[in-house]
Amino acid sequence: MARVASNPLGLHRFRPYFQAAQPPLPLIQTSFPCQIKPRRFPTVVACQTDPNPTKTPTKEEELVEPASVSDTKSEGLSSSPGSGFPEFPNKDVNKQIAVVSVLAALGLFLSARLDFGVSLKDLSAAAVPYEEALSNGKPTVVEFYADWCEVCRELAPDVYKVEQQYKDRVNFVMLNVDNTKWEQELDEFGVEGIPHFAFLDKNGNEEGNVVGRFPRQYLLENVDALARGEASVPHARVVGQYSSAQSRNVHQVVDPRSHG
């Protein structure tokens, strides 16, 4: 029969150890909802303490945000100097350009009217009759012309300007080569081409003649010499491009005072 130890002190060595199972720790749930804002680099987690956020922008944000939007729009409309795209012009600049263009067009129109609005008919109507010019004691410029003469029509504005300047001191006479009345004068002045300008002193003596197209300065200087009573004109024999007098359409004019 086995012997049982009687030492009570050794019993504690064999006392079994029982540990009660502890329940798992409860998860702590917070009332702070988290909102993850996606960013490119890096990912940031932002938490809000208020479950129903109603953010009121500050004054600085109210001032800055509209400016940023307007800046974005202005950058879309206009380009920077280095971008290579032209900037849109200002409306005020466009208005100024339009006004200048209108004024320039108006000036050209008025100048064209002043230069090309004078016809041979106008010069003939304002001309001094040939008989009167030979008897009033003034020097005279006699122009032989025709309505079909292109050079005559081209020089009409220049003749008109010089006439307006010296009409009080010099007679301006217009004789139409198509009028048979002036056959004797055509032979006397040796008219072969038109326009033909004969410059006569106050006594009716011819001091020189100019035929065809020529600069207005020639006419101005010759008429000025006649007005000052000089013995000769600076351009006594000048021949330019002209129309032949042989192409004239001869007709008889009933009115003896007619220059046409």
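**Notebook: fold and cavity**

I began with burial: 28% of the 260 residues in the protein are buried, meaning under 20% relative accessible area with a 1.4 Å probe and protein chains only. I noted that this is a predicted model, where local features need pLDDT of at least 70, side-chain atom pairs count only at pLDDT 80 or more, and totals for chains, interfaces and linings use all residues. Numbering runs from 1 along each chain as its sequence is written, and side-chain values use heavy atoms, with hydrogens and water left out.

Next I looked up the secondary structure and found seven helices and nine strands; these are DSSP runs, helices being H or I of at least four residues and strands E of at least two.

I then checked contacts (heavy atoms within 4.5 Å). Of those between residues at least 6 apart in sequence, 74% join residues at least 24 apart.

How many cavities of 30 Å³ or more does the structure hold? I found one, a cavity being a set of points on a 1 Å grid over the protein atoms alone where a 1.4 Å probe fits but cannot get out. The volume of the largest cavity is about 50 Å³, taken as the space filled by probe spheres set on the points.

I listed its lining (residues with an atom within 4 Å of a point): V141, E143, V159, E163, F172, V173, M174, F197 and L219. β3 (140-145), α5 (150-166) and β4 (171-176) each give two or more residues, and β4 has the largest share, with three.

Conventions. Buried means under 20% relative accessible area, exposed over 50%, partly exposed in between (1.4 Å probe, protein chains only). On a 1 Å grid over the protein atoms alone, a cavity is a set of points where a 1.4 Å probe fits but cannot get out, and a pocket is an open set with protein on both sides within 12 Å along at least five of seven lines; lining residues have an atom within 4 Å of a point.
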